[in-house]
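Subject: Handover of a structure, with notes

Dear colleague,

I am passing the structure below on to you, together with some notes on what was found in it. Please read the notes with the model open beside them.

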Amino acid sequence: MGILDDVVINAKSVAEAVGRKAGQIVDVSKLRVGVAEVNAEITKRYQTLGQYVYENSREALAADPEAMGKMAELDGLQEQLFAINKELTDKQNKTVCPTCGKHCSNTDVFCSTCGAKLISEPEPEPIPQEGGPNDEAAKAAAQGPEPSVGTMPPREFP
Ligand SMILES: [Zn+2]
């Protein structure tokens, strides 16, 4: 008799033993619930661990292209989320705190949650136009008239 036969017989006797006890001790549906619960807990822990790694282990994983790729994917989603949130709050006359991400009123100077200064909306990057007629006008507007701060008005001689 080979090792394999032993294994088969052992498996059979275990199965028979389980079968005998079915209904007394082993409640299959209870076990299934247990499996689902533990699985959910494992998923939650993976999530927590993943978030921890994403937030704290970037430098340690810099040489791991797979990890960095996944982090870059998350970076992209974070940016997407920020952009959608910004659009949403703009439509609601609200602003997003750049520090904690909470929604604040447009008129707030400081975040009501974390106290960070709510910087006013940054100027959008000027889109370079390819030799359009607006180029010269835009340059002129950008340069504008020199501000005469601190210069003396021309003195009038009698
Ligand atoms: Zn804040």
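This is a predicted model: local features need pLDDT of at least 70, side-chain atom pairs count only at pLDDT 80 or more; totals for chains, interfaces and linings use all residues.

Residues are numbered from 1 along each chain as its sequence is written, and side-chain values use heavy atoms, with hydrogens and water left out.

Overall fold

The protein has 4 helices and 2 strands, assigned as DSSP runs numbered from the N terminus (helices are H or I with at least four residues, strands are E with at least two), and the order of these elements from the N terminus is α-α-α-β-β-α. Of the 158 residues, 8% are buried, where buried means under 20% relative accessible area, exposed over 50%, and partly exposed in between (1.4 Å probe, protein chains only). Among contacts (heavy atoms within 4.5 Å) with a separation of 6 or more, 5% are between residues 24 or more positions apart. The accessible surface, from the Shrake-Rupley method with a 1.4 Å probe and, for residues, only the protein chains shown as cover, comes to about 14,100 Å², and 59% of that belongs to carbon and sulfur atoms.

Zinc site

The SG atoms of Cys97, Cys100, Cys111 and Cys114 coordinate the zinc ion at 2.3 Å; donors are N, O and S atoms within 2.8 Å of the metal (3.2 Å for Na, K and Ca), and since water is not among the atoms, sites may look incomplete. Along the chain these donors follow the spacing C-x2-C-x10-C-x2-C. The arrangement is tetrahedral because the 4 donor atoms subtend angles of 107 to 116 degrees around the zinc ion, and four donors count as tetrahedral if all angles lie between 85 and 135 degrees. For comparison, the ideal angle for four tetrahedral donors is 109.5 degrees. Cys111 is buried, at 4% relative accessible area, whereas Cys114 is partly exposed, at 40%.

Salt bridges

The count comes to 4 salt bridges, each being a side-chain nitrogen of Lys or Arg within 4 Å of a carboxyl oxygen of Asp or Glu. Arg58 pairs with Asp75, with the closest N and O atoms 3.0 Å apart; Arg58 lies in the loop between helix 2 and helix 3 and Asp75 in helix 3, so this pair ties together parts that are 17 residues apart in sequence. In helix 2, Glu41 and Arg45 are 4 residues apart and therefore separated by about one helical turn, and their closest N and O atoms are 2.8 Å apart. Glu41 and Arg45 also belong, with Lys44, to a network of salt bridges. In helix 3, Asp90 and Lys86 are likewise 4 residues apart, about one helical turn, with a closest N to O distance of 3.1 Å.

Single residues

Thr89 lies in helix 3 (residues 65-91) and is buried, at 0% relative accessibility. Leaving aside residues up to four places away in sequence, Thr89 touches Lys94, Thr95, Val96 and His103. Asn93, in the loop between helix 3 and strand 1 (94-96), is exposed at 54% relative accessible area, and its phi is near 55 degrees, a positive value in a residue other than glycine. Most residues other than glycine have a negative phi.

With kind regards

Conventions:
Four donors count as tetrahedral if all angles lie between 85 and 135 degrees; four count as square planar and six as octahedral if opposite donors are over 155 degrees apart and all others between 65 and 115; anything else is irregular.
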